Amino acid sequence: MIQLIRGVKDILPGDAGLWQYIEREASSLFENFGFKNIRIPIMERTELFSRSIGEQTDIVEKEMYTFEDRGGDMITLRPEATASIVRSYIQHRMYAADPVQKLYTIGPMFRRERPQKGRYRQFYQIDAEVFGVASPLMDSQIIFMLMTLFSRLKVSDCSVRLNSLGCPECRTAFKSALSAFLESRSVSLCEDCQRRRDRNPLRVLDCKAPACRQAMEGAPAIGDFLCADCRGHFDAVMQNLARLDIPFETDKNLVRGLDYYTRTAFEIQTTLLGAQSAVAGGGRYDGLVKMLGGPDTPAIGFAIGMDRLSEIVAAHFGDFSRKPRMFIAALGSACQALAFEWVNRLNSEGIYAEMDMADRSLKSQMKQADRQGAARVVIFGDTEMAAKQVLVRDMATHEQTTVPLESFTEYVTKM
Ligand code: ATP
Ligand code: MG
């Protein structure tokens, strides 16, 4: 038997119903906030990701699924959606119609990480991006939108962690202070951070290794290096969040793993997931559109980890699989033909009805109806047909009623 490859999973019908529910809630909420759906490809030129995410990041250095296609092009399975949406914004000159574009997409992402609970090699994100709005009002609004989604999905335990990464100017000063500090702590850092120390010092702040956490105590904080504009932006975001009654905590070590972030960076965390505590992350990336060849355009976005979110939501919601409103049990070919007509009519008119197609006995049809969780069984038998009526059995109360065939349509409508 051929099995799944490591780090990927099937989302089986029992769970997929819940996924669809989450996707519907997210789509309808985001659309209330003015977001439009966009669908971008799963593969892109490798260069798109290496340039935007950054050569020195974990994703680009060791997590991308990259291959040479038969024409010799280097192709990568997308590790995230932001870069592709930015490419699309530029390529289709969306800014020409209106620089302000709010876009969202839902789909699979690919990263070759070490598989564990809450961490897969094909995972799913709900991703939203806003272009053309520099105001801190937008930063607060998308965090508000995210938290509203989580509260609709009854995810009670989640908190916003917030930081500002400044702009390239204030970050340069911070980076040199940080590098000097890292020099002094060098021996205590983990192997990965030894490497990051020179190439991507900010990432050391984000390292989860206990040794690094300890070594980084007393490290300089980006907050102390923010220029007046970045400071003002950050303060405004916090004030707006307070106005919207969104609690948050600032976290000076929150840096996010990608190079393109500027100013606001945030994460939504929960204690419900064990080690993989981040359900969503995002931030501002004011320089990326220009860097990828578009006009100078501020932008901000976030991605929700669907796999992790659905796991939390599953704890509050029961079975999402749809149960038949009725099962038509037919006996004999004439009755079966009639049942067949009815089932198709009901199905096409929006009522989930089932029937048996294997000429089973009444007893096993009843069992089948029970197994499928049908609310009622409608019996089409010779006796009933002769009397021009059907027998309806309520599967919960076991009550039986007869309904004249001529008023069956009316009965179904009332049901
Ligand atoms: P983490 O710190 O958990 O590695 P990240 O910073 O790499 O997260 P982002 O790139 O910001 O993650 O993606 C946003 C969200 O996508 C994360 O908060 C998480 O919920 C989810 N996510 C990221 N990587 C994975 C993965 N390999 N498997 C499942 N979900 C993931
Ligand atoms: Mg990661």
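Which side chains meet in a salt bridge at 2.7 Å, N to O? They are those of Arg203 and Asp206.

## About the model

This is a predicted model, in which local features need pLDDT of at least 70 and side-chain atom pairs count only at pLDDT 80 or more, while totals for chains, interfaces and linings use all residues. Residues are numbered from 1 along each chain as its sequence is written, chains are lettered from A and ligands numbered from 1 in the order in which they are written, and side-chain values use heavy atoms, with hydrogens and water left out.

## Salt bridges

Let's stay with that opening pair for a moment. A salt bridge here is a side-chain nitrogen of Lys or Arg within 4 Å of a carboxyl oxygen of Asp or Glu, and the structure holds 21 of them. Arg203 is buried at a relative accessible area of 10%, and Asp206 is buried too, at 13%. (Buried means under 20% relative accessible area, exposed over 50%, and partly exposed in between, using a 1.4 Å probe and protein chains only.) Arg203 and Asp206 also belong to a network of salt bridges that links them with Asp58, Arg196 and Lys208.

The side chains of Arg161 and Glu267 form a salt bridge of 3.1 Å, N to O. Arg161 sits in strand β7 (residues 159–164) and Glu267 in strand β9 (residues 262–269), so this pair ties together parts that are 106 residues apart in sequence. Both residues are buried. Helices (H or I, at least four residues) and strands (E, at least two) are DSSP runs, numbered from the N terminus. Arg231 and Asp235 pair up at 3.3 Å, N to O; they are four residues apart in helix α11 (residues 228–243), which puts about one helical turn between them. Arg231 is partly exposed at 30% relative accessible area, and Asp235 is partly exposed at 30%.

## Around ligand 1

Now to the ligand. The shell around ligand 1 has 14 residues, the closest being Arg111, Glu113, Tyr120, Arg256 and Ala278; a residue is near a molecule if one of its heavy atoms lies within 4 Å of it. Sorted by class, six are nonpolar, three polar and five charged. Here Ala, Val, Leu, Ile, Met, Phe, Trp, Tyr, Cys and Pro count as nonpolar, Asp, Glu, Lys and Arg as charged, and the others, Gly among them, as polar.

Oxygen atoms of ligand 1 lie 2.9 Å from a polar side-chain atom of Gln125, 2.9 Å from one of Arg308 and 2.8 Å from a polar backbone atom of Ala278. The protein covers 89% of the 580 Å² of accessible area that ligand 1 has on its own, with areas from the Shrake-Rupley method and a 1.4 Å probe; for residues, only the protein chains shown count as cover. Strands β6 (122–131), β10 (278–284) and β11 (299–305) each give two or more residues to this shell, and β10 has the largest share, with three residues.

## A buried glutamine

Gln365 lies in helix α15 (residues 362–371) and is buried, with 1% relative accessibility. A polar atom of the Gln365 side chain is 2.8 Å from the backbone oxygen of Ala330, and one is 3.0 Å from the backbone oxygen of Arg360.

Terms used. Polar contact = N/O pair within 3.5 Å; in protein donor to acceptor, adjacent residues only side chain to side chain.
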